[in-house]
Amino acid sequence: MHTRRKDADNRRHRLLQPVSAIDGCSWWITKLLESQGRQRQWKLTRKTSSATLQTESSMHEIESTGDIYVLGSFGALHFWSWTLWTRVARRSLHCFAWLRSWKPRMEMRKMPGNMGWPLIGETLSFLSDFSSPSGVYGFVKKRRRSHGRVFKTSILGRPTVFVTGREASRVLLSGKDGSVRLNLSYAGKQVLGPTSLLTTAGEEHKQLRRLIAEPLSVDSLKRHFQFIDDWAIKTLEGWPGRPVLVLEEASTFTLKVITSIMMSLEPAGGEQDEFRANFKLISSTFASLPLKIPGTTFHRGIQARNRMYAMLDSMISRRRNGEHERHDFLQTLLRKHSKEGEDGGDDANKLTDTQLKDNVLTLLIAGHDTTTAALTWLIKFLGDNPHALQILREEHGRIRDARNGGTHLTWSEVNSMPYTNKVISETLRKATILPWFSRKAPQDFTVDGHTIKRDWSVNLDVVSMHHDEDVFPDPEKFDPSRFDKPLKPYSFLGFGSGPQMCPGMHLAKLEICVFIHHLICRYKWKPLDEDSSLHATLVRMPKNKYPIAVEPL
């Protein structure tokens, strides 16, 4: 009897047929088998890299690539039954998703704006404007002109409301007890992972922010100051005598700085090249459609993320084995806050390896793209505004002359650059690198007579705030003196505000101050292309990468 049962199990195992299906279909398989009156109970469970088929008397491991398997021994009838069930399941999930989006649609019906076509909303217009010379903000600007400061729309199947103004900013960004929640796109959540600082809220977010704040504090950055200064000088030495794409050079500089601070990655070599290649693919994923189809930008980005995580796994393993210990962000977290670290303490103050990797990647992305864009725009705005450039040269000339020789900056000198900090703020205002902040409304509130319900998807229009003539007269003019006096709270959001303010703010300012000091003390430049179009990314960058010709002073 035992032999016959084993033979039957083996026949079923040999006749397993893979069928591509949507996630969660193990429930449908169970129901299908039950409907056929099978005496044996089969259970299909999903794992990361394998599917496990289990009977009363045996278990077989079937390697798969994420497909779900159906028992082919039950014949063609069951195959077609399974196909029918799959179609029903897919249609049901689509209908469920559409019905879930219907409630906010109904609640928003009295609000100005247009929800567009069923299901796709105004996605096509959004994508068209996304690739236009004025960038993604063109989509918002046209609708503000038609509907006012508050309007509704639907993008990529998600009903949302665009708002602007200090009151909306205060409610969405201040929050109480961690109630502020970021509203990342599906693509962003998939790339950054479930434990990222940008995908968590409440107590979990507060704990993560507290644990990762120490390695990015001002005191911790002092240890890396010399490397930043050395690498800025080395980068600029190669600029004279050739056309320079400032965006590309700024990207290389900021990535090498942050990978050194995060994990002591050497600024040159095969590991840096591999890391940079993967990083570029990951960065492009945020502006892509979330299609897990081989060959798509999203699929390539997810694969690159997995390769980067494999590199981090290897680094974490070597560090725990006592190899390659460094004084960097990763080592600090492993020593003080890893659940397998050396220090004791409550697990509430520890991070899992998943949290470590998700948040290292989060800080790499957040600390690279925005700083790259800010440095590029600052150099462009200085080139376009000789008066501001002259005042800045005078400030840095005094710092250099007081040094009595030597080219390297000191830490105290970086803290003596008041006009430089105003130039940075004015750059962030005029460029507004992140055109809006996407949030879930933490509570019901009213803006310009329109009620925003709790948990609605809300985008805070930062470009309009930074170009509000009541706060910033002549907003198109580059004028660092705007920041001679303190501004009203929540009117300037260069680094965000509230509980989710940019954790890498001090690092970004340090990189820019050091780089600009060496640039304006040694070189002059002129643009080679006057094109002001924007690159088709969520982070606003010049499309032409700002090409310049550089000469020594």
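Buried means under 20% relative accessible area, exposed over 50%, and partly exposed in between, with a 1.4 Å probe and protein chains only. I am working on a predicted model, where local features need pLDDT of at least 70, side-chain atom pairs count only at pLDDT 80 or more, and totals for chains, interfaces and linings use all residues. Residues are numbered from 1 along each chain as its sequence is written, and side-chain values use heavy atoms, with hydrogens and water left out.

I take helices (H or I, at least four residues) and strands (E, at least two) as DSSP runs numbered from the N terminus. I looked up strand 6 (residues 151-155) and found five of its five residues buried. In a regular strand the side chains alternate between the two faces of the sheet. Here F151, T153 and I155 are buried on one side, and K152 and S154 are buried on the other.

Two strands pair if DSSP finds at least two bridges between them. Strand 6 pairs with strand 7 (residues 158-163) over five bridges, in the antiparallel sense. I see K152 opposite V161 of strand 7. The hairpin has two residues between its strands, and L156 takes a positive phi near 55° there.

**R170**

I placed R170 in helix 6 (residues 166-174). Its relative accessibility is 36%, so R170 counts as partly exposed. I then checked S497: it is 327 residues from R170 in sequence, yet 8.6 Å away in space, C-alpha to C-alpha.

**Helix 18**

The expected span of a helix is 1.5 Å times one less than its number of residues. Helix 18 (residues 418-431) has 14 residues and should therefore span 20 Å; its end C-alpha atoms are 20 Å apart, which agrees. I found eleven of its 14 residues buried. Among them are Y419, V423, I424, E426 and R429. Contact means heavy atoms within 4.5 Å. The cover over the buried residues of helix 18 includes helix 15 (353-384), helix 16 (386-402), helix 19 (462-466) and helix 20 (505-522). Just after helix 18, T432 takes a positive phi of about 45°.

**Nonpolar cores**

A nonpolar core is a set of buried Ala, Val, Leu, Ile, Met, Phe, Trp, Tyr and Cys residues joined through side-chain atoms within 4.5 Å. The largest one here has 92 residues; W239, M263, L364, I379, I516, L519 and W525 have the most contacts inside it. Helix 15 gives the largest share of this core, 14 residues. Another core, of 21 residues, lies apart from it and includes V161, V163, W456 and L493.

Leaving aside neighbours within four places in sequence, W239 is in contact with V244, E249, I379, F515, L519, I548 and V550.

**Helix 15 on helix 20**

Axes are lines fitted to C-alpha atoms, for helices over the stretch in contact, and angles run from 0 to 180 degrees between N-to-C directions. The axes of helix 15 and helix 20 come within 10 Å and cross at roughly 35°. On the helix 15 side, the contact residues include G367, L375 and I379; on the helix 20 side, they include A508, F515 and L519.

Strand 9 meets strand 15 (residues 547-552) over three bridges. P243 has A549 as its bridge partner in strand 15.
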